[in-house]
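Let me jot down what I look up, one stop at a time.

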Amino acid sequence: MSHTAFPDHRATGHVHFVGAGPGDPDLLTVKALKALASADVVIHDRLISPEILALAGQNARMIDVGKKGFGPSTAQDDINRRLVVEAARGAQVVRLKAGDPGIFGRLDEEITAIEAVGITYTIVPGITAASAAAADIGQSLTQRGRNAAIRILTGHDMKGFADHDWRTLARPGEVAAIYMGKRAVRFVTGRLMMHGAAADTPVTVVENASRAEARTLPTTLAHLPEALDAAEMDGPAIILFGLSPRNAQAALPSLREEIAL
């Protein structure tokens, strides 16, 4: 059962699955701000910026359940259990997820856990990293005459490097946003070129999309692995396959002068 209003009573707990967006607090929705202000408990991802966490109510209890690809992580079962326990106590719980809750956020697993015990929920969408990264480089994710679709992929899943329909993606004019792709970049590049993708296909990596410290790395598919290694990007990054920065965006922070492609 799902409700769209923010309950005023505290007799029954409720979980708000809230998208925190790509990092810039100004990109939060009004509904997300309302949910944070009404929260008793905020259960948040590792990548949520301190500026966004500071927008929670003064008395809200903060619980970090961060995950890190190929690194220390909070088990999903533990997160599910925490959601159930806190809401069962009558708390207004905000499950704060980076970007949009429905994109690589394990939203369905968490909804299933709370539905099993009769806890109600609200989903508050957020701006996903692909949209923020495209905005940073002055591009649209779809363009008439270029691509009528955008593919949203993950570089790795629970079993390791994720496999996809490489043959279709390798066709000229295809555009994809690749999440969690830094460690899988050689695998992804190899699969695409193996299936016929042109070596000079434009690729742009955007680190910390939407944030003040955002950096962009424009390159080509053939040079992507080496360029990304040289860039030493430590922050969250998204790979925009098939897109290059618009010339008018030259004022954006860029690695062009730092890296010889």
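This is a predicted model: local features need pLDDT of at least 70, side-chain atom pairs count only at pLDDT 80 or more; totals for chains, interfaces and linings use all residues.

**Entry 1: helix H1**

I started with H1, which covers residues 30-37. Which of its residues are buried? I found Ala-32, Ala-35 and Leu-36. Looking down the axis of H1, I see these buried residues fall within an arc of 100°, so they line one face of the helix. On the face turned away from that buried side I noted the exposed residues Val-30, Lys-34 and Ala-37.

Next I asked what the buried residues of H1 pack against.

**Entry 2: H3 against H4**

Then I moved to a helix pair, H3 (residues 76-88) and H4 (residues 107-115). They pack at an angle of about 45°, and their axes are 9 Å apart. An angle between 35 and 65 degrees is neither roughly parallel nor roughly perpendicular, so I wrote down H3 and H4 as oblique to each other. I also checked the hand of the crossing, and it is right-handed.

Which residues meet there? From H3 I have Gln-76, Ile-79, Asn-80, Leu-83 and Val-84, and from H4 Glu-109, Glu-110, Ala-113 and Ile-114. Sorted by class, this contact has 5 nonpolar, 2 polar and 2 charged residues.

**Entry 3: helix H8**

Further along I looked at H8, residues 224-231. Leu-224, Pro-225, Ala-227, Leu-228 and Ala-231 are buried in this helix. Down the axis of H8, they fall within an arc of 165°, so they too line one face of their helix.

What do the buried residues of H8 pack against? I got helix H7 (185-194), plus strands E10 (202-207), E11 (215-220) and E12 (237-241).

**Entry 4: Gly-181**

My last stop was Gly-181, in the loop between strand E9 (176-179) and H7. Is Gly-181 buried or exposed? Its relative accessible area is 2%, and buried means under 20%, so Gly-181 is buried.

I then looked for contacts of Gly-181, setting aside neighbours within four places in sequence, and found Gly-155 and Ile-239. I also looked up Pro-236, which is 55 residues from Gly-181 along the chain; their C-alpha atoms are separated by 9.6 Å.

Note on methods
Residues are numbered from 1 along each chain as its sequence is written. Side-chain values use heavy atoms; hydrogens and water are left out. Buried means under 20% relative accessible area, exposed over 50%, partly exposed in between (1.4 Å probe, protein chains only). Helices (H or I, at least four residues) and strands (E, at least two) are DSSP runs, numbered from the N terminus. The arc is that of the directions from the helix axis to the C-beta atoms. Contact means heavy atoms within 4.5 Å. Axes are lines fitted to C-alpha atoms, for helices over the stretch in contact, and angles run from 0 to 180 degrees between N-to-C directions. Angles under 35 degrees count as roughly parallel, over 145 as roughly antiparallel, 65 to 115 as roughly perpendicular and the rest as oblique. A crossing is left-handed if the near helix is turned anticlockwise from the far one by less than a right angle, and right-handed if clockwise. Ala, Val, Leu, Ile, Met, Phe, Trp, Tyr, Cys and Pro count as nonpolar, Asp, Glu, Lys and Arg as charged, and the others, Gly among them, as polar.
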